[in-house]
Amino acid sequence: MTRHTEAASATDQLMVEARGVRKHYGQLEVLKGIDLEVRNGEVLCLVGPSGSGKSTFLRCINHLERLDGGTLRVNGHLVGFREHEGRLYELREKEVAAQRLDIGMVFQRFNLFPHMTALQNVMEAPVQVHREKPAAARERAMSLLERVGLADKSGAYPAMLSGGQQQRVAIARALAMRPRLMLFDEPTSALDPELVGEVLDVMRGLAADGMTMVVVTHEMGFAREVADTVVFMDGGVVVESGPPADVLGNPQHARTRSFLGKVL
Amino acid sequence: MSTTAPPTPAPAPGSAPVAIPVRHYGRWVGAVVVIALLGALVWAFSQGNIDYRSTLDYVTNERIVRGMWNTLLISVLAQLVGILLGVVAAVMRTSANPVTSGVAWLYIWFFRGTPVLVQLLVWYNLSLVFPTVGIPGLATWDTNTLMTPFLAALLGLGINEGAYMAEIVRAGIGSVDPGQTEAAKALGLSPGRTMRRIVLPQAMRVIIPPTGNEFINMLKTSSLAYAVQYSELLLSAVGIYSANLLVIELLFTVSIWYLVLTSVFSVGQYFLERRFSRGYSHGRSRSGGALGRILTNLTPGRTR
Ligand SMILES: Nc1ncnc2c1ncn2[C@@H]1O[C@H](COP(=O)(O)OP(=O)(O)OP(=O)(O)O)[C@@H](O)[C@H]1O
Ligand SMILES: [Mg+2]
């Protein structure tokens, strides 16, 4: 395990830096030493077959899962641990919550709060966590809903919205915390095909605005067009990574070729 | 069971033609027997030495009405104590700390496992073992004067109710999609806030209907407080009939009041349920008309 003292100059540019990240559930090794870097402003697409550990890795990045080995840094800070004299001390749940503020996450199943309107969903964290004034938070929430094209749905409860609309609210909700990094776990997989486009459009806009993003996706067209880097994972390891033209257009590994043969 | 089967013959030939007349016959006999028994009961009570005039007159008797208000007061307060303790115990049960969840388990086990009447009497008679209570060096009180019938009733009923509410709240928390906690965590909400703002409000949908039943039960269970001299409905009636000997008459009077109370709150529960289902469907509550749901609520299952 490599342990540096605080961020060296080479890591200044890195939003995410994973070194030998391991995770297992009981006997099952899900991540077997992941090395991966995401630069500031980069869009990284994570692809791979089901069960390869993509979601698990994404959840490790904001410490929804605890690492069993290796180190993970976001923005130069160790995730979930404090480093002191060469030892790692696990952070308390409250300290972890504070760390997550820089990271927004969008889930496959949206996970909007069903007892709150779209506007209340977006306002919740700024008011509850950042203690923003409700009036100011409301105004900003409205402008975020406008940004995802849902200004007219601010008063609607999630159950009244289509899947695509719900996912766009979820994106606005994550953006409300002004994250520096956005994680997307198959954001369009639960959507009807005709609703996929509207969500991808919002994500394209975010990428164009320079947001750093890690996107687990099966939308190869999106990856090809928007990603700076595509990482192919299989069996808990990174098999291949590089620009989309290389990984998707001219894969070097047989496993990558056989996976792409199935999804393309 | 068999009486609800359609009268058309079963597909199996041979056995079906025999069954049909028997079913019909049984249904008629059953109805006649039930009506006869009911008639006999009504007749017996009408012939009994009961002064129904007094039963009705005492409904508005000042002492009875005061008892009714006390019943209402102790029920509401004990239910509130129960809800509060129930939420605390349920959240403690979900704790990763084995001591915390163990204590909650012990509380639930003890108070659900002993009769509420016994618990009431223990609270009421606490002065027998603790003549004084207090904070050492700060203040002491005489237990006998402190433990009024009201306080004994409140503690006895409320703490017992908390053990039942804990299980209801736990089921409610368990019904909330874990994805909700994840989303709240990912937004940086602390565990406490996640519980208060995200999980519990959603758990309400599952918690409210049985809590309504609990309260309706509480209205009736509170009659046990008569054993600790708290002057609720039953004790008021006992006080009156031990002087005028109109025993059954006054027991009927309080029964009328209990029916009124349980009916009124069943209507209230219907509206509570409707309010808490908002946001989950397109504005309409679950199937079954208002009247149907209220009638269902009027027949709660559990007794203690
Ligand atoms: N909480 C858990 N407990 C036990 N096993 C788990 C848990 N979460 C995930 N796994 C297992 O870990 C492996 C990797 O899961 P993960 O969800 O990371 O895969 P994935 O690449 O995201 O797959 P998919 O494309 O299906 O979402 C799977 O075999 C899964 O069954
Ligand atoms: Mg996944």
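**A close look at ligand 1**

Analyst: Let's start with one contact: a backbone N or O atom of A:Ser52 lies 3.2 Å from an oxygen atom of ligand 1. Keep in mind that this is a predicted model, so treat each distance as a value computed from that model. Two neighbours along the chain join in, this time through their side chains. A:Lys54 has a side-chain N or O atom 2.9 Å from an oxygen atom of ligand 1, and a polar side-chain atom of A:Ser55 lies 2.6 Å from an oxygen atom of the ligand.

How much of the ligand does the protein cover? On its own, ligand 1 has 630 Å² of accessible area, and the protein covers 60% of that.

Around ligand 1 you'll find A:Pro49, A:Ser50, A:Gly51, A:Ser52, A:Gly53, A:Lys54, A:Ser55 and A:Thr56, along with A:Tyr25, A:Leu28, A:Val30 and A:Glu186. Sorted by class, this shell has six polar, four nonpolar and two charged residues. Helix H1 of chain A gives the largest share of the shell, three residues.

As a general idea, side chains of opposite charge can pair when their charged atoms come close. Over all chains, the count comes to 21 salt bridges.

Chain A also has a partner, so let's look across to chain B. The contact takes 27 residues from chain A and 21 residues from chain B. Together the two chains bury about 2300 Å², with 59% of it on carbon and sulfur atoms. On the chain B side, B:Glu182, B:Ala186 and B:Leu187 supply 25% of the area that chain B buries against chain A, more than any other three residues.

What about charged pairs across this interface? There are two salt bridges between the chains. In one of them, B:Arg197 meets A:Glu124 through their side chains, at 2.7 Å from N to O. Counting polar contacts between chain B and chain A gives six residue pairs.

Which elements of chain B give two or more residues to the side that touches chain A? They are helix H8 (178-186) and helix H9 (191-221). H8 of chain B brings the largest share, seven residues. The residues on that side divide into nine nonpolar, six polar and six charged.

Conventions. Residues are numbered from 1 along each chain as its sequence is written. Chains are lettered from A and ligands numbered from 1 in the order in which they are written. This is a predicted model: local features need pLDDT of at least 70, side-chain atom pairs count only at pLDDT 80 or more; totals for chains, interfaces and linings use all residues. Side-chain values use heavy atoms; hydrogens and water are left out. A residue is near a molecule or strand if one of its heavy atoms lies within 4 Å of it. A polar contact is a pair of N or O atoms within 3.5 Å; within protein, one must be able to donate a hydrogen and the other to accept it, and residues adjacent in sequence count only if both atoms are side-chain atoms. Accessible areas come from the Shrake-Rupley method with a 1.4 Å probe; for residues, only the protein chains shown count as cover. Helices (H or I, at least four residues) and strands (E, at least two) are DSSP runs, numbered from the N terminus. Ala, Val, Leu, Ile, Met, Phe, Trp, Tyr, Cys and Pro count as nonpolar, Asp, Glu, Lys and Arg as charged, and the others, Gly among them, as polar. Contact means heavy atoms within 4.5 Å. Buried area is the accessible area (1.4 Å probe) that two parts lose on being put together, summed over both. A salt bridge is a side-chain nitrogen of Lys or Arg within 4 Å of a carboxyl oxygen of Asp or Glu.
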